[in-house]
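Dear colleague,

Please find below the structure that I am handing over to you.

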Amino acid sequence: MIDTHCHLTDPRLEGQLEGVLARAAAAGVAGMITISTGIDDAQRCIEVSRGREQIRCTVGVHPNYVGETDLAQMPLLRGLQAAPEVVAIGEIGLDYHYGLELRDRQRQAFEMQLQIAVDCGKPVIIHCREAADDCLAVMAGFPGIRAVFHCFTGTVDEARKVLDAGYWLGYTGPITFKKSDALREAVRLTPLDRLLVETDAPYLTPEPLRKQKVNEPALVMHVAATVAQIKGSTLSQIDEITTRNVQRFFGWDVNNPVPQPS
């Protein structure tokens, strides 16, 4: 099993990283991808991943952080993405939840990073919140790009639009929540060969631990178990399928790691 989206540089996880990794291994989680939210964070993600075969990372600027980012520094991501630990550009996208005052700046940063991904041949991790139609409209200008809409919590209709555009969907703890019937319907709609499981740790702890602890990669098993239940499958089958999906999408085979420079 691989947690395809977590934030190991968050102080709640980075401060106990060795314990987080040990608990993940004990739960059967063989790998995880730690996701960048900004340029400084991208550098930390690379550092956390370096020398650890069970961790890979991304580089990118989250839409909620574009207001504090000098967009003239965005080309730095081109150099950072060349590190052997980096498997994608992200998380990038549009987020309208907290207001629209940064809408144009978010779009500019989004387009800049999509172009970097195209130029470098990297897939992208999409953060899209209350902005599905606009996200898809921007991405239509970058045909052929590989993209996963991470932590999908939209409507069934939005899931269908994402899938019809050829993109993937990543699911997190909310699919385990009691009132998430519509979201579970989106899981049911998603082809298994375009589905990824993730935690978004330390956020969105799944049931049955939602009110008890900070989320961490070990708990991706609860997400995968819910996917298995929805799909009428077994946990081991979902493990095998999603691990294979990671190899197809990110080019990372956790079972056959390529040695990294020290």
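In which segment does M1 lie? M1 lies in the segment before β1. Please bear in mind throughout that this is a predicted model.

**The start of the chain**

M1 has a relative accessibility of 4% and therefore counts as buried, the cut-off being under 20%. Neighbours within four places in sequence aside, M1 is in contact with G28, V29, A30, G31, V197, V220, M221, A224, L235, D239, T242 and T243. Of these contacts, V220, M221 and A224 are also among the buried residues of α9.

**Helix α9**

Helix α9 covers residues 220–231, which makes 12 residues. From its first C-alpha to its last it reaches 17 Å, close to the 16 Å expected at 1.5 Å a residue. Its buried residues are V220, M221, V223, A224, T226, V227, A228 and I230. Which elements do the buried residues of α9 pack against? They pack against the strands β1 (2–6), β7 (168–171) and β8 (195–197), and against the helices α2 (17–27), α8 (181–189) and α10 (235–250). After α9 comes G232, which has a positive phi, near 65 degrees.

**Salt bridges**

How many salt bridges does a search of the whole structure find? The search finds 15.

One of the salt bridges joins the side chains of R52 and E18, at 2.8 Å from N to O. R52 lies in the loop between α3 and β3 (55–59), whereas E18 belongs to helix α2, so the pair ties together parts that are 34 residues apart in sequence. R52 counts as partly exposed, at 23% relative accessibility.

A salt bridge also links E53 with R56, whose closest N and O atoms are 3.1 Å apart.

In helix α5 (residues 103–120), E111 and R107 are 4 residues apart, and about one helical turn separates them. Their side chains meet in a salt bridge at 3.3 Å, N to O. An α-helix has 3.6 residues a turn, so residues three or four places apart point the same way. Both partners are partly exposed, E111 with a relative accessible area of 31% and R107 with one of 38%.

Finally, R23, K213 and E216 are linked in a network of salt bridges.

**The largest pocket**

How much space lies in the largest pocket? The pocket holds about 960 Å³. Its lining consists of 36 residues, and H62, N64, Y65, E91 and H127 are those that lie nearest its centre. By class, the lining comprises 13 nonpolar, 12 polar and 11 charged residues. Among the elements that contribute, α3 (39–49) and β5 (124–129) each supply at least two residues of the lining. The largest share, 4 residues, comes from α3.

Yours sincerely

Notes
Residues are numbered from 1 along each chain as its sequence is written. This is a predicted model: local features need pLDDT of at least 70, side-chain atom pairs count only at pLDDT 80 or more; totals for chains, interfaces and linings use all residues. Side-chain values use heavy atoms; hydrogens and water are left out. On a 1 Å grid over the protein atoms alone, a cavity is a set of points where a 1.4 Å probe fits but cannot get out, and a pocket is an open set with protein on both sides within 12 Å along at least five of seven lines; lining residues have an atom within 4 Å of a point. Grid points are joined across faces, edges and corners, and a volume is the space filled by probe spheres set on the points. Ala, Val, Leu, Ile, Met, Phe, Trp, Tyr, Cys and Pro count as nonpolar, Asp, Glu, Lys and Arg as charged, and the others, Gly among them, as polar. The expected span of a helix is 1.5 Å times one less than its number of residues. Buried means under 20% relative accessible area, exposed over 50%, partly exposed in between (1.4 Å probe, protein chains only). Contact means heavy atoms within 4.5 Å. A salt bridge is a side-chain nitrogen of Lys or Arg within 4 Å of a carboxyl oxygen of Asp or Glu.
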